[in-house]
Amino acid sequence: MATERTLSIIKPDATRRNLTGNINAVFEEAGLKIVAQKRVQLTPAQAGAFYAVHKERPFYKDLVDFMISGPVVLQVLEGENAVAKNRDVMGATDPKKAEAHTIRARFAESIEANSVHGSDSAENAANEIRFFFAETEILP
Ligand code: CMP
């Protein structure tokens, strides 16, 4: 299996509750290496553009408002099969449907305040990483 990279975002509900270290421990125990990380306040324009694929969905405005409601931690995770592995450790989008050991089952508050984002394909991962990081900021 190939070494891959994926974009992870620790969302405002989790940074607000001081859960960055707990969530990072899950990634590291799963064999995902945090090769880039920065804590930032997203602008409305950044959050809106990042989630542009959901522009027509009824939850879009609330999602953008939530993502700018506090700091987020942007990360690049690297490892074998990193995109799928990260989706496994995150669990289902809706924490009520997520398996018990997953980040969202353990920490998420709701389908919107669901603690983490992870890229859903290798192609989207490359685009999402490029959206937030320069290659010089990624240090394997
Ligand atoms: P994320 O993986 O960041 O991608 C899109 C986000 O939209 C998703 O996680 C959820 O936090 C958010 N969202 C809010 N409401 C819904 C919904 N009804 N269905 C799917 N995603 C939703």
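The ligand takes up the space of the largest pocket; a pocket here is an open set of points on a 1 Å grid over the protein atoms alone, with protein on both sides within 12 Å along at least five of seven lines. This is a predicted model, so local features need pLDDT of at least 70 and side-chain atom pairs count only at pLDDT 80 or more, while totals for chains, interfaces and linings use all residues. Residues are numbered from 1 along each chain as its sequence is written, and side-chain values use heavy atoms, leaving out hydrogens and water.

Let's look around the ligand. Its surroundings include Lys-11, Tyr-51, His-54, Phe-59 and Arg-104, where a residue counts if one of its heavy atoms lies within 4 Å. Sorted by class, this shell holds four nonpolar, four polar and three charged residues, with Asp, Glu, Lys and Arg as charged and Gly among the polar ones.

Now for the pairs of N or O atoms within 3.5 Å. Oxygen atoms of the ligand lie 3.2 Å from a backbone N or O atom of Glu-112, 3.3 Å from a polar side-chain atom of Asn-114 and 3.0 Å from a side-chain N or O atom of His-117. The protein covers 79% of the 460 Å² of accessible area that the ligand has on its own, by the Shrake-Rupley method with a 1.4 Å probe.

Strand S4 covers residues 116-118 and pairs antiparallel with S1 over three bridges; pairing takes at least two bridges. Within this pair, Ile-10 has Val-116 as its bridge partner. S1, residues 3-10, is also joined by eight bridges to the antiparallel strand S3, residues 72-80, and there Thr-6 stands opposite Leu-77.

Terms used. Helices (H or I, at least four residues) and strands (E, at least two) are DSSP runs, numbered from the N terminus. A polar contact is a pair of N or O atoms within 3.5 Å; within protein, one must be able to donate a hydrogen and the other to accept it, and residues adjacent in sequence count only if both atoms are side-chain atoms. On a 1 Å grid over the protein atoms alone, a cavity is a set of points where a 1.4 Å probe fits but cannot get out, and a pocket is an open set with protein on both sides within 12 Å along at least five of seven lines; lining residues have an atom within 4 Å of a point. A molecule sits in a cavity or pocket if more than half of its atoms lie within 2 Å of its grid points.
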